[in-house]
Every structure is written in C-alpha cells, then in structure tokens.
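Open the model in your viewer and keep the sequence panel beside it. This tour tells you what to select at each stop.

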Amino acid sequence: MSKWFLFNFILLIILLWTVISHFSFPNLQTHIWFGLAGALLFLYNWTRNAVFETIRNVPNRKTKVRLARLSKRVVTVHRWTGNIALAAILVHGSLVVYQYGFTIYNNKMLVGVLAFVALVFQITTGWLRLYKPTIKLRYFHLYTGMILFFLIFLHIIL
Ligand code: HEM
Ligand code: HEM
C-alpha cells in the first residue's frame, strides 16, 4: 500500500474540516464551493499516483494485474476530471478576485495563484503525455502533481 493513500486521506480530512468549520457553513459563498469541487477533483486524479505506486510495489502478481486493469478503466475519466478541476478553479479564482480584488500580499491568494499555474502545467503535460508519451513528460506530470499537492495543502491551511 502506498503512503500516498494516507497523505491524500489527511488532505481530504483537512479540506472537509476547513470548509465545514467555515462560519457560514452550509450557506457558503459560491467561490468556496468551486474551490472545494476543484480540490476534490484534484484529489481524485492524484490518487492515481497512490494506485500506480501500489501496483509497482505489491508482490502478488494477481493483485498487480487486477489493480492495473482497474486503473486502465478509469483513465478515460482521468483526463476529464482533470479538465473540469481546471475549469472549477478558474471560476473559483475569478470569483475571488472579483470579490476581494487582486493582491499578492495576501498569502492565501499568492499560493492560490501558484497552485493555479501548477495546475495549468499539470493539465498540459497530461495531454502531451497522452499523445506523445516520453519518460521526461511522465516525470513532469508526476512531479508537478506532487508540487500541486503541497501548494493546495498550504493554500487550505493558510
Ligand atoms: C489549484 C488551485 C486552487 C484550489 C484547489 C483552491 C481551493 C480552495 C478551497 C477548497 C478554498 C476554501 C477553503 C478555505 O477557505 O481554505 C479556497 C479558498 C480561497 N481561495 Fe482558493 N483554490 C485554488 C486557487 C486559488 C486562486 C487562483 C486564488 C486567487 C486568485 C484563490 C484564492 C482563495 C481565497 C482568497 C480563498 C479564501 C476565500 C474566503 O475565505 O472567502 N484560490 N480555495
Ligand atoms: C488535476 C489534474 C491531474 C492530476 C493530478 C494527474 C495525475 C496523474 C498521475 C499521478 C498519474 C500517474 C503518474 C505515473 O506514475 O506515471 C497520471 C497519469 C496519466 N495522466 Fe494525469 N493527472 C491530471 C490531469 C491529466 C489530464 C488533463 C490528462 C489529459 C489527457 C492526463 C493524462 C494522463 C495520462 C495519459 C496518464 C497515463 C495513464 C496510464 O498510463 O494509465 N492527466 N496522472
């Protein structure tokens, strides 16, 4: 079992806790719902890393094959959930800027913008690796995902 299942679970709990404990819950403002949707879709896609790592490390061949088959089945969904996450975050960021105005002196906003840039990079390398799979692109898609994980974590706890 990959340690990433645990890390993803911790991020999920922190994310849900932050949103639920918001003073206005459940009548949250629209930008928070969009931020939550984007973060959940990211987590769904990122769990692919945990599954891939488990496939690489599991000693039982039967389990390996079963997991690989399951993973193949969800890959078509993967590209669309990734794109919808980007669309949700575009709406989230636009609503935030519309409401509060833009400033890089707000740490939450600054880290949000960095996460947005990383997300655009992630989606781009995803499409590139679909049509032209190279080792370099594979690592870019994987490591940007990791950077994105930490930026989103930071964005939520700030
Ligand atoms: C991958 C990118 C992003 C994700 C996953 C994300 C996710 C979230 C989530 C789930 C929340 C609600 C929870 C909380 O208050 O901490 C939130 C709040 C917030 N986000 Fe983002 N966000 C992203 C990008 C951005 C961008 C680009 C901006 C700014 C331009 C931004 C600015 C903010 C601000 C200011 C809040 C606080 C809103 C409030 O409390 O009224 N975020 N974000
Ligand atoms: C939130 C956005 C996304 C995240 C977090 C994400 C994450 C991941 C991860 C962790 C893997 C496994 C990496 C490995 O070990 O090689 C992967 C594989 C892949 N991703 Fe993404 N991805 C995202 C969006 C996209 C998009 C938009 C596409 C567009 C086509 C895409 C295409 C692919 C492809 C083709 C694979 C290889 C799948 C396979 O071999 O079964 N990804 N992604």
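Start with H22. Leaving out residues up to four places away in sequence, H22 touches L28 and I32; contact here means C-beta atoms, placed from the backbone, within 7 Å. H22 sits in the loop between α1 and α2. Helices are DSSP runs of H or I, at least four residues long, numbered from the N terminus. The cut-offs are 20 or more other C-beta atoms within 10 Å for buried, 12 or fewer for exposed, and partly exposed in between.

A word on the model. It is predicted: local features need pLDDT of at least 70 and side-chain atom pairs count only at pLDDT 80 or more, while totals for chains, interfaces and linings use all residues. Residues are numbered from 1 along each chain as its sequence is written, with chains lettered from A and ligands numbered from 1 in the order in which they are written.

Next, select α1 and α2. Their axes, lines fitted to C-alpha atoms over the stretch in contact, lie 9 Å apart at an angle of about 170°. The two helices are therefore roughly antiparallel to each other, a label for angles over 145 degrees. On α1, the contact residues include W4, F5 and N8; on α2, they include I32, L36 and W46. By class, this contact has 12 nonpolar, 3 polar and 1 charged residues. Ala, Val, Leu, Ile, Met, Phe, Trp, Tyr, Cys and Pro count as nonpolar, Asp, Glu, Lys and Arg as charged, and the others, Gly among them, as polar.

Now show ligand 1. Around it are 24 residues, of which G35, G93, G112, A115 and F116 come nearest; a residue belongs here if its C-beta atom, placed from the backbone, lies within 6 Å. α4 gives the most to this shell, with 7 residues. The shell has 16 nonpolar, 7 polar and 1 charged residues.

Move to ligand 2. Which residues come nearest? They are N45, N49, R79, G82 and G126, out of 23 around it. Here α3 gives the most, with 7 residues. This shell divides into 9 nonpolar, 10 polar and 4 charged.

Finish on α5. Its buried residues include H141, F149 and H155. The buried residues of α5 pack against α1, α2 and α4.

Key. Contact = placed C-beta atoms within 7 Å. Axes fitted to C-alpha atoms, helices over the stretch in contact; angles between N-to-C directions. Parallel < 35°, antiparallel > 145°, perpendicular 65-115°, else oblique.
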